[in-house]
Amino acid sequence: MKLWTKLLAAVLVILLAVVVALPFVIDANTFRPMLETGLSAGLGRTVKLGNLRLAVLSGDLVANNLSIAGDPAFSTTPFLVARELRIGVDMKPLIFHRQLHIRSFEIKAPQIHLVEGASGQWNFSTLSRNAASLTSNSKSRTALFLSIVDSIGIQDGRAVVETLPASGPPLVYEHVHLALQNFALAQRF
């Protein structure tokens with residue numbers, strides 16, 4: 001019985017060492033250019049990510065900052081900025097093949113700027129306008145971002161909604177929570 005206890009303890013120590021060592025072995029920032037390029041192409045807007053780190057236990061890549069550019073026809077203000085973006089990934093392909101298989105996105109405390117133009121068009125109307133053409137090239141890096149994502153969530157967001165030309169003070173919504181399931185840029189959801 002003592003031999004099995006020692007073997008179990010040794011296996012647990014080895015697993016714990018692997019979990020602790022993985023973030024030091026895998027530099028999550030090597031995925032930043034691919035993520036920024038793919039998200040920018042899929043959304044049709046410039047996407048910037050801050051420093052990335054690997055959270056092994058939760059299975060996430062965590063970006064310190066997220067910024068999605070606004071539609072220049074409406075404003076120079078970013079469409080969305082957030083202090084943290086958690087990207088749920090499949091760990092096995094990430095660790096063994098350095099491939100990203102994205103399961104989810106969770107945006108923490110975003111500031112969202114929504115603008116309705118005089119024509120009734122919104123500044124988010126042009127998001128992912130070219131998504132359908134990107135899916136035709138299945139070998140494209142952006143195809144990764146156009147596949148179905150299990151979930152996209154916004155936690156504790158702040159949305160400012162205004163009109164152009166201004167017809168009064170903007171509406172401000174605090175503590176916005178949003179959940180999308182089975183989402184893909186090129187499909188209805």
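A pocket is an open set of points on a 1 Å grid over the protein atoms alone, where a 1.4 Å probe fits, with protein on both sides within 12 Å along at least five of seven lines; its lining residues have an atom within 4 Å of a point. Grid points are joined across faces, edges and corners, and a volume is the space filled by probe spheres set on the points.

The exercises below use a predicted model, in which local features need pLDDT of at least 70, side-chain atom pairs count only at pLDDT 80 or more, and totals for chains, interfaces and linings use all residues. Residues are numbered from 1 along each chain as its sequence is written, and side-chain values use heavy atoms, with hydrogens and water left out.

**Exercise 1. Describe the largest pocket and its lining.**

Step 1: start with the space. The largest pocket holds about 780 Å³.

Step 2: find its centre. The lining has 28 residues, and those closest to the centre are L43, F79, L127, I152 and L180.

Step 3: sort the lining by residue type. Ala, Val, Leu, Ile, Met, Phe, Trp, Tyr, Cys and Pro count as nonpolar, Asp, Glu, Lys and Arg as charged, and the others, Gly among them, as polar. That gives 24 nonpolar residues, four polar and no charged.

Step 4: trace the lining back to its elements, where helices (H or I, at least four residues) and strands (E, at least two) are DSSP runs numbered from the N terminus. Among those that supply at least two residues each are helix 2 (32–43), strand 4 (66–68) and strand 10 (171–183). Strand 9 gives the most, with five residues.

**Exercise 2. Which residues form the aromatic pair, and which charged end sits over a ring?**

Step 1: apply the ring criteria. Rings of Phe, Tyr and Trp (its six-membered ring) pair if their centres lie within 6.5 Å; planes under 30 degrees apart are stacked, over 60 edge-to-face and the rest tilted. The structure holds one such pair: W122 and F124, stacked at 5.6 Å centre to centre with 25° between the planes.

Step 2: W122 is partly exposed at 24%, and F124 is partly exposed at 35%.

Step 3: turn to charge over ring, which needs NZ of Lys or CZ of Arg within 6 Å of the ring centre and within 35 degrees of the ring normal. The charged end of R45 sits over the ring of F79, 5.8 Å from its centre.

**Exercise 3. Where do A109, N182 and P165 lie, and what marks their backbone?**

Step 1: A109, in the loop between strand 7 and strand 8, has a positive phi near 50° and is buried at 17% relative accessibility.

Step 2: N182, in strand 10, has a positive phi of about 50° without being a glycine, and is exposed at 51%.

Step 3: P165 is in the loop between strand 9 and strand 10. The peptide bond from L164 to P165 is cis, with omega near -10°.

Notes:
Buried < 20%, exposed > 50% of the residue type's maximum accessible area, 1.4 Å probe, protein only.
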